[in-house]
Amino acid sequence: MGTPPSRSRLLRRGLRKRCPACGEREIWASWGRPVELCPRCGLRFERIEGHFVGAVGINTIVSFVVLFIVLIVSMILTAPEFELRILLPVNVGVTLAMTTWFMPISKTLWTSFDIMMRPLRPDEVDWSQAGG
Ligand SMILES: [Zn+2]
């Protein structure tokens, strides 16, 4: 039987869009939509109803931080005119691209945080495949 993954391993796997429990990378049905169960360890990615609300929260926070940085840099670069016809499309584009790109990471990262808060149950994964 494997041992539960350490917090740092959970975070690394979450940031790399992998199954937090076993590290499997082939967990995506489409962009940002994981399969129901990990094909290797059997982890159900949506551990409870509404599980991915936390992922939306992480995505929102990270995207706002990136938007803030891009906004400040783009305002510095366009000062003193602050050209709205440049600032608006750049910042809207960065926000849309960031939220889309980060969506799958936010889901596996949130599942990692969730496992830290509510550890894996003995019956939740195939422990011969999970852990580390
Ligand atoms: Zn797995």
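## Helices H1 and H3

In this predicted model, helix H1 (residues 7–15) packs against helix H3 (residues 84–117) at an angle of about 160°, with the axes 7 Å apart. Axes are lines fitted to C-alpha atoms, for helices over the stretch in contact, and angles run from 0 to 180 degrees between N-to-C directions. Helices are DSSP runs of H or I with at least four residues, strands are runs of E with at least two, and both are numbered from the N terminus. H1 and H3 are therefore roughly antiparallel to each other, a term for angles over 145 degrees. Residues of H1 that meet H3 include Arg7, Leu10 and Leu11, where contact means heavy atoms within 4.5 Å. On the H3 side, Ile105, Thr108 and Leu109 are among the residues met. By class, this contact of H1 with H3 has eight nonpolar, three polar and one charged residues. Ala, Val, Leu, Ile, Met, Phe, Trp, Tyr, Cys and Pro count as nonpolar, Asp, Glu, Lys and Arg as charged, and the others, Gly among them, as polar.

## Helix H2

Helix H2 (residues 53–78) has 26 residues and reaches 37 Å from its first C-alpha to its last, close to the 38 Å expected at 1.5 Å a residue. That expected span is 1.5 Å times one less than the number of residues.

H2 and H3 pack at an angle of about 150°, with their axes 7 Å apart. These two helices are therefore roughly antiparallel to each other. Their contact has 18 nonpolar, nine polar and one charged residues.

The loop between H2 and H3 holds Pro80, which a cis peptide bond joins to Ala79, with omega about 5°. Phe82 is in the loop between H2 and H3 too, and its phi is near 50°, a positive value in a residue other than glycine. With a relative accessible area of 39%, Phe82 is partly exposed, a class between buried and exposed, the latter being over 50%.

Lys17 lies in the loop between H1 and strand E1 (28–30). Lys17 is not a glycine, yet has a positive phi of about 60°. Its relative accessibility of 28% makes Lys17 partly exposed.

## Basis of the values

Residues are numbered from 1 along each chain as its sequence is written, and side-chain values use heavy atoms, with hydrogens and water left out. Local features need pLDDT of at least 70, side-chain atom pairs count only at pLDDT 80 or more, and totals for chains, interfaces and linings use all residues.

Notes
Angles under 35 degrees count as roughly parallel, over 145 as roughly antiparallel, 65 to 115 as roughly perpendicular and the rest as oblique. Buried means under 20% relative accessible area, exposed over 50%, partly exposed in between (1.4 Å probe, protein chains only).
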